[in-house]
Amino acid sequence: MKYYLITGGGSGIGRAIAQVLARNPENRVVVCGRNTHALSDTRLSLNNFHNHHILTTDVRSLPSLGQAANEFPFPYLDGIIANAGLGGENRFGPDDRWQAILDTNLTGTYQTVNVFLPLLQKGLSEFRHVVVISSVLARLGVPGYSAYCASKAGLLGLTRSWAVEWAENRILVNAVCPGWVNTQMARSGMEEAARGLNITREAFYEMAMQKVPLGKMAEPEEIGELVAYVLSQKSMTGQVIDMNNGSVMNS
């Protein structure tokens, strides 16, 4: 039996990762996040949902994470998928969202993985895993998205540091950088950008896809399948894997 924790599991990519992992009858999944109702919906969508669990917690809060770790329903972990994230713009000034975005995306990942690390260290698998969900915007600069870009780029440094630090414990740490993915967060981002340009969301979508060689968004399930592949590896660590329909091509 293998046990996995997925943060931000109430919707979008987090839900899709849980659904893909739950297809394997040998896996048990714990999804966590702030919205208990959304987490329950995710659990009910999973194959053999009675085998899986939810934990309501806030990755920004160490006390909340500590309580979740104490309530963890399984004796150890084989993998942590750090997916919780906050998107949108930020602007310097009284209503700046800089701190809120960094607290969730970067500090929240740092705190979550460290709080649950003892359970990962107890894992019985020869190799255990941390998979960090970053973004194509770790590779790009976007006006008005300084906090999001900085936080997602910071996750890549965190990934590489942990990969070296925990190699002797056979904990493999990798990051995935999705591009446009067909989630509510992406759709909301398109609507926000379209309003700023005084165009429709459909017009913005067409404009955005002109910069994507395959001319489309990925589906959340594709990210889930990629994460499942990474979790199956025994020699991959400190790597950043891009799935963005060709919008960024790294050598």
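Is Asn245 buried or exposed, and what is its relative accessibility? At 11% relative accessibility, Asn245 counts as buried, a word used here for residues under 20% relative accessible area, with exposed meaning over 50% and partly exposed in between (1.4 Å probe, protein chains only).

Before the views, a short note on the model. This is a predicted model, where local features need pLDDT of at least 70, side-chain atom pairs count only at pLDDT 80 or more, and totals for chains, interfaces and linings use all residues. Residues are numbered from 1 along each chain as its sequence is written, and side-chain values use heavy atoms, with hydrogens and water left out.

View 1. With a relative accessible area of 42%, Arg170 is partly exposed.

**View 2. Tyr3 and Phe74 form a stacked aromatic pair.** Their rings are 4.4 Å apart centre to centre, with 20° between the planes. Rings of Phe, Tyr and Trp (its six-membered ring) pair if their centres lie within 6.5 Å; planes under 30 degrees apart count as stacked, over 60 as edge-to-face and the rest as tilted. Tyr3 lies in strand β1 and Phe74 in the loop between α3 (62–70) and β4 (79–82), so the pair ties together parts that are 71 residues apart in sequence. Both Tyr3 and Phe74 are buried. Ring pairs also link Tyr3 and Phe74 with Phe72, Tyr76 and Phe116 into a cluster.

**View 3. Tyr145 and Tyr148 form an edge-to-face pair.** Here the distance is 6.5 Å centre to centre, and the planes make an angle of 90°. Tyr145 and Tyr148 are both buried. By the ring rule, the count comes to 8 aromatic pairs.

**View 4. The second largest pocket has a volume of about 150 Å³.** A pocket is an open set of points on a 1 Å grid over the protein atoms alone, where a 1.4 Å probe fits, with protein on both sides within 12 Å along at least five of seven lines; lining residues have an atom within 4 Å of a point. The volume is the space filled by probe spheres set on the points, which are joined across faces, edges and corners. Among the lining residues are Lys2, Tyr4, Arg23, Glu26 and Ser232. β1 (2–7), α1 (12–22) and α8 (220–231) each give two or more residues to this lining.

Conventions
Helices (H or I, at least four residues) and strands (E, at least two) are DSSP runs, numbered from the N terminus.
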